[in-house]
Amino acid sequence: MKKKSKGICTIYRGIPASPGVVIGKVFLLNRESIEVVEEKIPENEVSKEILKFKKAINDTKEELLKTREKVAKQIDPDHAKIFDAQIMILEDELISNAVIEKIKQSHSNAEFVYRKVIEETVKALSATKDEYLKERILDIHAVENRLIYNLLGIKHLTVESINLPVILVARSLSPADVVHMKKGSILGFAADLGGRTSHVAILAKSMGIPAVVGLKNFFDQVTDKQSIILDGLKGEMVVCPDEETLVEYEKRRKFILKKTEELSELKSLPAVTLDGRKIELSANIEFPTDTAYALEYGAEGIGLFRTEYLYITHAGFPTEEEQHQVYQEVMEKVHPKSVILRTFDLGGDKFGHHDGSLVEANPFLGWRAIRASLDLPDMFKIQLRAMLKASAKKSIKIMFPMISEIEELKKAKAILNEAKEELKRKKIPYDEKIPVGIMVEIPSAALAADILAKECDFFSIGTNDLIQYTLAVDRGNEKIAHLYQSFHPAVLRLIKETVDAGHRNGIWVGLCGEMAADPLATTLFVGMGMDELSTSAMAIPEIKKIIRSISFEDAKKHASEVLKLTTIDEIKRFLIEDYARRFGKENKG
């Protein structure tokens with residue numbers, strides 16, 4: 001969390017989780033962590049303690065199923081599946097068997113043993129640098145708290161009793177908390193923990209509740225009934241605003257509402273430039289539940305489905321049928337538009353999440369993604385068969401992550417061909433000409449794009465890792481985060497070379513990193529010749545509006561000017577001034 005002062009106001013910055021600007025009073029949701037102490041159980045009471053633990057699991061599961069049912073009825077059946085992840089954690093046999101075994105061995109009370117086992121699990125997960133995986137820790141803690149409350153027979157403090165219009169501030173929130181928020185009472189919420197892909201953020205967006213998460217220690221900086229402003233678009237909390245600031249944010253709130261209304265009118269319109277060049281605007285999704293949300297914002301398909309959650313939310317590797325059902329579900333919702341399924345971008349930081357045995361010191365440069373998949377061909381083939389089964393309607397494309405050279409791509413395609421043959425023998429239908437592409441996210445792939453393009457049907461440029469690898473900057477390291485620069489000339493040249501190499505070889509080229517959501521980059525990417533942009537659902541309307549406001553010929557000149565510039569500052573200044581000239585300063589941010 002960063003903070004800065006503005007007059008008598010203090011602005012705290014976190015992670016924007018759900019858009020909207022709200023002004024109101026603080027309501028602190030004060031849930032102190034329950035102290036759990038070790039108590040020794042007599043030998044003849046051990047079986048009873050184990051039964052108590054099993055009953056608490058059943059009671060907690062019942063609570064989660066009721067919440068799931070409420071979400072399915074009142075919000076969306078897809079979003080109800082968020083609670084499946086928590087139920088899977090609750091029923092994880094590795095965890096429950098470890099607890100039962102330790103109760104038998106140590107003769108200790110169930111709540112103490114359970115917390116210790118959870119602490120060990122979380123410790124293994126915390127070692128990873130992967131933000132997505134870290135956010136799953138919140139689900140584990142949500143389940144842990146519920147189960148311990150039930151073991152101790154304590155009523156869990158909920159948000160249902162809040163009836164006044166307030167801005168809720170908490171250290172952490174669970175998906176169940178969000179589900180039980182009354183929209184007229186909870187204007188918005190802020191939490192110290194959480195990220196963009198947390199289940200809490202997903203539900204907040206679905207329910208239209210503005211939210212900021214990842215504020216670190218914001219809970220300790222505010223008191224009940226303080227005046228506060230929450231800006232879910234910028235990820236800002238303004239404490240004790242003065243009159244001038246209140247007027248400023250009230251204007252911003254009205255402007256965002258008006259802009260959202262205007263942009264919503266673009267939903268059904270294509271992303272076509274003034275002179276007729278079509279750009280496909282797709283959405284990146286983390287969960288199947290994101291699909292409806294993406295389509296609501298006008299996505300023309302799914303440009304990146306990150307399938308990792310299927311592994312992370314399971315006690316072990318998901319079965320072929322489990323995967324097939326998920327891919328089929330997403331495809332059915334999007335058809336006849338296309339879905340790009342990225343094969344598991346898993347590595348030592350994720351494969352070891354159950355026992356910690358494969359956690360690597362630097363997973364970003366280690367055994368992950370296509371490298372791990374090629375070393376585990378049976379596992380890889382299970383995923384490929386599941387994807388192929390879902391492809392019969394010809395709406396699915398397969399994409400391999402972290403390809404660095406041609407041999408990796410050829411080996412991956414060979415295993416894909418084996419999977420096709422196995423399905424053919426069983427007379428299971430699939431798209432025999434299913435398009436196969438790669439993520440271009442390593443400089444070696446960008447520089448060898450001419451070679452790789454001859455072996456695949458499309459490129460999707462992953463700018464997040466491409467920037468990181470090109471500039472040798474760990475974007476999660478706060479000490480050097482300022483060196484992570486999207487508009488570095490080297491990064492832009494690699495992107496342009498990739499687009500040109502793809503087109504020379506007759507394949508289309510898209511971009512699915514965070515840069516796709518940056519309005520400053522849209523005209524540049526159109527001018528570079530990008531065929532597709534895949535971004536967060538929320539960003540689609542604004543990016544579409546820009547595309548529909550420019551000509552391709554003008555954008556090409558724009559890109560040519562940018563690529564002549566030699567410093568990051570020059571490029572940024574040019575892009576900011578150009579954006580202000582075209583669209584006006586007030587439209588940015």
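A crossover is right-handed if, with the strands pointing away from the viewer, the path from the first strand over the helix to the second runs clockwise.

**View 1. A right-handed β-α-β unit in the predicted model.** Strand E13, helix H16 (residues 406–425) and strand E14 form this right-handed unit. Helices (H or I, at least four residues) and strands (E, at least two) are DSSP runs, numbered from the N terminus. This is a predicted model, where local features need pLDDT of at least 70, side-chain atom pairs count only at pLDDT 80 or more, and totals for chains, interfaces and linings use all residues. Residues are numbered from 1 along each chain as its sequence is written, and side-chain values use heavy atoms, leaving out hydrogens and water.

**View 2. Strand E13 and its partners.** Pairing here requires at least two DSSP bridges between two strands. Strand E12 (residues 338–342) runs parallel to E13, joined by four bridges, and Val339 stands opposite Ile396. E14 (residues 436–440) also pairs with E13 in the parallel sense, over three bridges; there, Val436 is the bridge partner of Ile398.

**View 3. The two faces of E13.** Buried means under 20% relative accessible area, exposed over 50%, and partly exposed in between (1.4 Å probe, protein chains only). Five of the five residues of E13 (residues 396–400) are buried, so this strand is largely enclosed by the rest of the structure. Ile396, Ile398 and Phe400 point one way, while Lys397 and Met399 point the other way. In a regular strand, side chains alternate between the two faces of the sheet.

View 4. Cys240 is partly exposed, at 32% relative accessible area, whereas Cys512 is buried, at 3%.
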